[in-house]
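The structure is shown first, and the discussion follows.

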Amino acid sequence: MGKDKKEEAVFLRKKITLLRAFSLLIGSMVGSGIFISPKGVLQNSGSVGFSLVVWFACGLLSMFGALSYAELGTRITKSGGHYIYILETLGPLPSFLFLWAEFFAIRPANSAVVSLAFGRYMLEPFFAPCAAPVPAVKLVSLLGYYMVLTLNSWSVTWSARLQTALSIIKLLALALIIVPGMMLLAQGHTENFQDAFDRQSLVLDKLPLAFYAGMFAYSGWFQTSFVREELVRPERNIPLAVIVSVITVIVGYMLTNISYYTVLGTQDVLASPAVAVSFVQRAFKSLISVVPVLVALSCFGTMNGGIFTFSRTLFVASREGQWPPLFSMIHIRRHTPLPAVMLMFPLVTAMVCIGDIYHLMNFFSFSRWLFIGLATLGLIVHRHRHPELHSPFKVPLFVPISFTIICLFTVAMSFYSDPVNISIGCTMVLSGFPVYYLIIHRQMSSRCRSPFYYLTHKLQLLLEVVQQEIKTY
């Protein structure tokens, strides 16, 4: 019986090298954001010049966040990303509130945004120069997401292989935008940069929404924190991977946006439902049917990668006793996190059906950046509480302080910029309080059996899943 248990156990081996960590970060950051966020950044910053400043500022802010997370990754040796950092530094209540918001607001809304971008770019070539019908976009978006769910339910190996191939496609899609844009700029096409810093169109109370759109495009710099236990030499490879990858993406995004504005005017970008398609229509008509498909595949890869990190957080939360054990179980034959994958099905479906990209982006960005700011605040607290702890990588204190202040200030300002969506997001976070005190806190204090034990057992038999043993070596 002990032998059978050993054979069935799943071990998370340290197989993520520096190169693989770099690929994971690049593949996570370069997704749908750079193809849909330019409109949101420009709309809320007011001009071409200020939008480029926002893009660079978002990149610099991402670097500060990535460096802070790199130090957290060398101080805290567990996987789990934002969740485990908040748990270890600020305690169980804030970490559960993050978990609650993550799985009922942040993750499904983020997945809905990416899937809507997938559907829009898949259909755009068939309806150009007109916009694709909204019901058709939402239908294709759901079909794409269901394909990802099915793939991740069926085989971890195939989803991993697909992710590697799609990472290459992402870089190719960026190159097909940057190269023709730079060629036109070199030929003297600078008319769209005249009066780039028009102060009359700048509305300060909208800047937080511009930052939300820009930071959405950079989001992904924290992905190594979800797989920390599987990294080879994490104390060396985490800082190296985040520094190189974030600098690479900053340069790539700045060149991509300059290429957009070289070809498209302000009104063209604001009127376009798919900026990359409008760019190709003007600059490279021979690739009109190629680039949108590459962008759609890039979004497909982002959806696929999101489910990977989603399951890692669930494993850790279940291990810490803050989430039902069912969601850390794997299928007995497929060895896939089937319950965790299925949890997303109704939530993403609902958000795709009722929302649009930019409202959803504001909705989930509030919760995401609130808790990321709390995680870096946790680094400051951890340093104060454990001055004796030696960290192989240490950033200047102004880095986490600056990042935390900017995150929390942006979150506070967003209440004025978009009160409806932000209030909904805030309500979602606060709704976790009664759940924590009525169920999680009581269960952890009394160490009693989960009230959902019998339901979990029935679902375990129905879904054919078992608890997985998490080890690293």
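## Aromatic pairs

In this predicted model, W221 and F403 are both buried. Their rings form an edge-to-face aromatic pair, with 5.9 Å centre to centre and 90° between the planes. W221 lies in the loop between α9 and α10 (234-263) and F403 in helix α16, so the pair ties together parts of the chain that are 182 residues apart in sequence. W221 and F403 also belong to one aromatic cluster, together with Y69, Y85, F222, F226 and W369.

In the whole structure, 22 aromatic pairs are found. Another of them joins F50 and F197, again edge-to-face, at 5.3 Å centre to centre and with 90° between the planes. This pair links distant parts of the chain, since F50 is in helix α4 (residues 48-75) and F197 is in the loop between α8 and α9, 147 residues apart. F50 has a relative accessible area of 19% and is therefore buried, the cut-off being under 20%. F197, at 47% relative accessibility, counts as partly exposed.

## The surroundings of H82

H82 is found in helix α5 (residues 82-90). Its relative accessibility is 4%, so H82 counts as buried. Leaving aside neighbours within four places in sequence, H82 is in contact with Y69, F98, F222, F226 and I372. Of these residues, Y69, F222 and F226 are members of the aromatic cluster.

## The largest cavity

A search of the whole structure finds four cavities of 30 Å³ or more. The largest cavity holds about 350 Å³ of space. It is lined by 31 residues, of which S28, N110, Q223, T302 and G306 are the closest to its centre.

Two or more lining residues come from each of α2 (18-29), α6 (92-127), α8 (156-186), α9 (207-218) and α13 (291-319). The greatest contribution is that of α13, with seven residues. By residue class, the lining of the largest cavity comprises 10 nonpolar, 17 polar and four charged residues.

## The second largest cavity

The second largest cavity has a volume of about 70 Å³. Its lining consists of L61, F211, Y212, M215, W369, I406, C407 and T410. The lining of the second largest cavity divides into seven nonpolar residues, one polar and no charged. One of the lining residues, W369, is also a member of the aromatic cluster.

Methods
Residues are numbered from 1 along each chain as its sequence is written. This is a predicted model: local features need pLDDT of at least 70, side-chain atom pairs count only at pLDDT 80 or more; totals for chains, interfaces and linings use all residues. Side-chain values use heavy atoms; hydrogens and water are left out. Helices (H or I, at least four residues) and strands (E, at least two) are DSSP runs, numbered from the N terminus. Buried means under 20% relative accessible area, exposed over 50%, partly exposed in between (1.4 Å probe, protein chains only). Contact means heavy atoms within 4.5 Å. On a 1 Å grid over the protein atoms alone, a cavity is a set of points where a 1.4 Å probe fits but cannot get out, and a pocket is an open set with protein on both sides within 12 Å along at least five of seven lines; lining residues have an atom within 4 Å of a point. Grid points are joined across faces, edges and corners, and a volume is the space filled by probe spheres set on the points. Ala, Val, Leu, Ile, Met, Phe, Trp, Tyr, Cys and Pro count as nonpolar, Asp, Glu, Lys and Arg as charged, and the others, Gly among them, as polar. Rings of Phe, Tyr and Trp (its six-membered ring) pair if their centres lie within 6.5 Å; planes under 30 degrees apart count as stacked, over 60 as edge-to-face and the rest as tilted.
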